[in-house]
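Q: I'd like a close look at a single part of this model, please. Take me through it in one connected answer, and spell out the cut-offs as you go.

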Amino acid sequence: MDKPDTPIPDTAAFFDDPQREPLEIDTEQRRGPALFRWLTLAMEHTIAALLVALILSVSANVVGRAVLNHSLPWADELARMLFIWLIFLGAAAAFARYEHIAVDILVRRLKPRAAHALYLFQHLVITALMGVIVWGGFLVMSRASGRTAILGVPWNIVNVSLVLCAAFIAAVAIWRAWQSILQIRSPNVMPTADGDR
């Protein structure tokens, strides 16, 4: 049974929220503050380097166990430290690019000003939470004086990844909250597809 040739629907409409566009940081289209764009690119390149180093470290340990019948304890410790940095840098870069999982069915149905009021609330909550994390991270760093067992790396080199990630996310959230305020106050808010304001 032949089916008629129907065009494949554009799935971008299901993934992109047009009301979110003023809040996006896009390195290719030069949207958002230059500092955030540069830091996002730097984080992404660092993530790639950390991933390669993590793969090499784990592979060295696997080869050591399988071929040499001798594990490399330093490789396991290094892999843990690299993984922690990878997690926090990845979280910050994903936040900058709006790539964290979100349920946006409500915000897509709201009028633009209401949607930006919800974005404002969301980013104020994120800023407050990141402030708590930065404060807690500084407390942990001020009390941590130990080193890793095998490599002797100070734990604060690992702990600082949390503080840097939270500080970056807070800075981006503050910028997005400000952009939402500008959108709420703007008389020229972009209409949605059905013409509502």
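A: Helices here are DSSP runs of H or I with at least four residues, strands are runs of E with at least two, and both are numbered from the N terminus. By that count the protein chain has six helices and zero strands, and along the sequence it reads α-α-α-α-α-α. Keep in mind that this is a predicted model: local features need pLDDT of at least 70, side-chain atom pairs count only at pLDDT 80 or more, and totals for chains, interfaces and linings use all residues. Residues are numbered from 1 along each chain as its sequence is written, and side-chain values use heavy atoms, with hydrogens and water left out.

Let's settle on α5, residues 112-143. This helix has 32 residues and runs 46 Å from its first C-alpha to its last, close to the 46 Å expected at 1.5 Å a residue (the expected span is 1.5 Å times one less than the number of residues).

An α-helix has 3.6 residues a turn, so residues three or four places apart point the same way.

A nonpolar surface patch of about 690 Å² is built from V103, I105, L106, L118, F121, V125 and L129. To join a patch like this, nonpolar side chains (Val, Leu, Ile, Met, Phe, Trp, Tyr) must lie within 5 Å, in residues with over 30% relative accessible area and no salt bridge, while like charges are joined within 9 Å. α5 gives the largest share, four residues, and α4 and α5 each put in at least two. One member, V125, sits in α5 and is partly exposed, at 34% relative accessible area.

Setting aside neighbours within four places in sequence, R176 contacts (heavy atoms within 4.5 Å) L23, I25, F95, A96, R97, Y98 and H123. R176 is buried yet has no salt bridge, and E24, the nearest side chain of opposite charge, is 7.6 Å away. A salt bridge would need a side-chain nitrogen of Lys or Arg within 4 Å of a carboxyl oxygen of Asp or Glu; Lys and Arg count as positive, Asp and Glu as negative, and His and the chain ends are not counted.

Y98, another of the R176 contacts, comes after α3 and has a positive phi near 55°. Most residues other than glycine have a negative phi.

Zooming out for context, 34% of the 197 residues in the protein chain are buried. The chain exposes about 12,700 Å², with carbon and sulfur atoms supplying 68% of it (areas are Shrake-Rupley with a 1.4 Å probe; for residues, only the protein chains shown count as cover).

Key
Buried < 20%, exposed > 50% of the residue type's maximum accessible area, 1.4 Å probe, protein only.
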